[in-house]
Amino acid sequence: MRFGVVFYNLGKICLVLAVSMILPIGFEVVSKEAVMGSMVAAQSVMLGLGLLFLIGFRPTRHTTIRYRESFAIATFAWLLAAGLGALPYIFSDTCSVWDAVFESMSGFTTTGASILPDLEVLPAGILIWRGLTHWLGGMGIVVLLAALVSGNTANKMYKAEAPGNALTEKLSPKSDDMAKILWLTYVGISVLLLVLLMLSGLSFVDSICHTFGTVSTGGFSSRNASMSAFDDNAMAQWLVIIFMALSGCNFAFIYLFLVKRRNYFWRSEEFRIYMLIILLASGAVSLCLLSNNYFAGRSLEYTIRQATFQVVNIMTTTGFFSDDYDLWPSFCKVVLFCLMFSGGCAGSTSGSIKISRWIIVCKSCWANLGKAMQPRLVSSVKLDKKIQSQATINSVQVFVLTFMLLTGLGTLVMAAHGLSPFESISVTLAALTNVGPAFDGFGPTCNYIPLPWSAKMFLAFYMMLGRLELMSVLVLFTRAFWRK
């Protein structure tokens with residue numbers, strides 16, 4: 001392991017974070033709020049550490065990066081981002097050090113789990129920084145760095161961090177161009193939603209915070225009641241529903257549709273199943289709520305809106321809430337719990353397993369059932385009419401198995417901290433899938449304050465595992481990785 005190469009690129013990450021602080025600091029200057037000094041101090045640390053790494057390890061700047069360095073950069077970048085991102089909370093006395101790290105990791109990994117009890121008393125600068133961590137982490141800070149550099153370094157870093165990269169069609173043979181395309185699409189969608197939310201009647205702070213949380217499928221809100229604070233603003237809630245669903249799609253398809261005028265959406269088997277699940281789950285939850293007369297006195301549109309919001313919200317692992325779904329009928333809660341295992345499409349900002357992996361797993365099982373009945377049968381697993389290699393099938397199966405094993409391990413750890421069985425598994429899944437809010441004592445209207453610091457740090461590690469799709473982190477725990 002050549003640590004000089006790793007630290008040199010981590011220095012660039014520090015500078016990216018320092019530059020991103022301009023937005024909350026600028027807002028603090030305009031609004032003349034009290035935490036501007038804390039913001040500037042945090043930015044100074046980021047800038048100083050970044051320059052220290054860049055100058056100290058400058059001799060390695062032209063060194064060819066290898067895959068082991070790319071995995072190290074991806075993992076250590078998220079640890080570094082969580083640490084530096086916690087500084088504004090710490091310097092402004094918003095919360096303790098452990099809570100600040102938890103909040104920061106939750107932000108960058110777009111999990112949306114929070115330990116802040118009252119958001120509405122926080123300065124706007126802190127709220128904007130909190131939302132900005134979502135936005136930076138949504139498409140990936142290492143993918144952003146890959147967009148800023150070029151060549152072999154960009155290629156290795158892109159492959160190490162890009163969400164669903166193994167199952168995503170490339171728009172360009174060069175990974176740095178691919179990263180630029182994804183980030184430009186990401187920025188364009190964000191600007192569009194920001195304008196539309198402001199036109200719907202939300203303030204600038206509410207609009208930008210919910211834009212960051214929606215497009216990144218993160219879920220940090222500027223309101224204690226999340227999107228239920230805008231219960232009477234149907235336009236704002238439907239906008240968030242639409243853009244959550246859009247952000248759960250493959251961003252490559254969005255780019256091709258908007259720029260190249262090519263519609264790959266309905267050609268994609270993954271997208272069709274993704275939309276089918278949303279429609280079926282929304283319909284089932286709506287019917288359950290109607291049959292139980294849950295929203296008595298409310299219109300049909302309101303019931304459908306609440307059901308659709310929560311289905312899309314959980315499936316895309318966003319983490320907002322428009323109603324306390326923990327109080328809904330049991331059937332609705334079971335549907336939402338099952339959707340935590342789903343996720344959106346490969347190449348989206350959503351977390352969890354992803355639809356494409358489930359397609360491959362199900363088709364692989366079906367093919368093996370056929371071979372059990374007819375041993376001489378030659379069958380193949382196809383996705384979008386393309387035969388998947390055995391290596392791809394094996395990697396998907398290993399991913400799903402590892403995901404389930406980690407879910408079991410996390411459930412045991414959280415149960416050891418005194419949580420009930422259902423709380424243990426739902427909290428573990430909420431962190432590993434980057435959903436955020438769980439159920440029962442850690443549901444949408446609650447937060448993670450009651451947990452001890454050890455449980456919070458364990459969940460923060462699971463958030464990073466889920467965001468980097470397991471293998472980029474777990475490979476660091478193998479002996480072969482550290483061998484010369």
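Q: Leaving aside neighbours within four places in sequence, which residues is Thr 433 in contact with?
A: This is a predicted model, where local features need pLDDT of at least 70, side-chain atom pairs count only at pLDDT 80 or more, and totals for chains, interfaces and linings use all residues. Residues are numbered from 1 along each chain as its sequence is written, and side-chain values use heavy atoms, with hydrogens and water left out. Contact means heavy atoms within 4.5 Å. With neighbours within four places set aside, the partners of Thr 433 are Thr 317, Met 340, Gly 351, Ser 352 and Phe 403.

Q: Is Thr 433 buried or exposed?
A: Look for Thr 433 in the loop between helix H19 (421-432) and helix H20 (453-467); helices (H or I, at least four residues) and strands (E, at least two) are DSSP runs, numbered from the N terminus. Buried means under 20% relative accessible area, exposed over 50%, and partly exposed in between, using a 1.4 Å probe and protein chains only. Thr 433 has 0% relative accessibility, so it counts as buried.

Q: How many residues of H7 are buried?
A: Helix H7 covers residues 124-139 and reaches 24 Å from its first C-alpha to its last, close to the expected 22 Å (1.5 Å times one less than its number of residues). H7 is largely enclosed by the rest of the structure, because its buried residues number 16 of the 16.

Q: Which residues touch the most other members of the largest nonpolar core?
A: A nonpolar core is a set of buried Ala, Val, Leu, Ile, Met, Phe, Trp, Tyr and Cys residues joined through side-chain atoms within 4.5 Å. In soluble globular proteins, nonpolar side chains tend to be buried together. Leu 459 has contacts beyond four places in sequence that include Phe 102, Met 414 and Tyr 448. Among the 138 residues of the largest core, those touching the most other members are Tyr 274, Tyr 448 and Leu 459.

Q: Is H14 roughly parallel or roughly antiparallel to H16?
A: Residues of H14 including Ile 277 and Ala 281 meet residues of H16, among them Phe 331 and Cys 332. H14 (residues 269-291) and H16 (residues 330-339) pack at about 160 degrees, their axes 9 Å apart; axes are lines fitted to C-alpha atoms, for helices over the stretch in contact, and angles run from 0 to 180 degrees between N-to-C directions. Angles under 35 degrees count as roughly parallel, over 145 as roughly antiparallel, 65 to 115 as roughly perpendicular and the rest as oblique. H14 and H16 are therefore roughly antiparallel.
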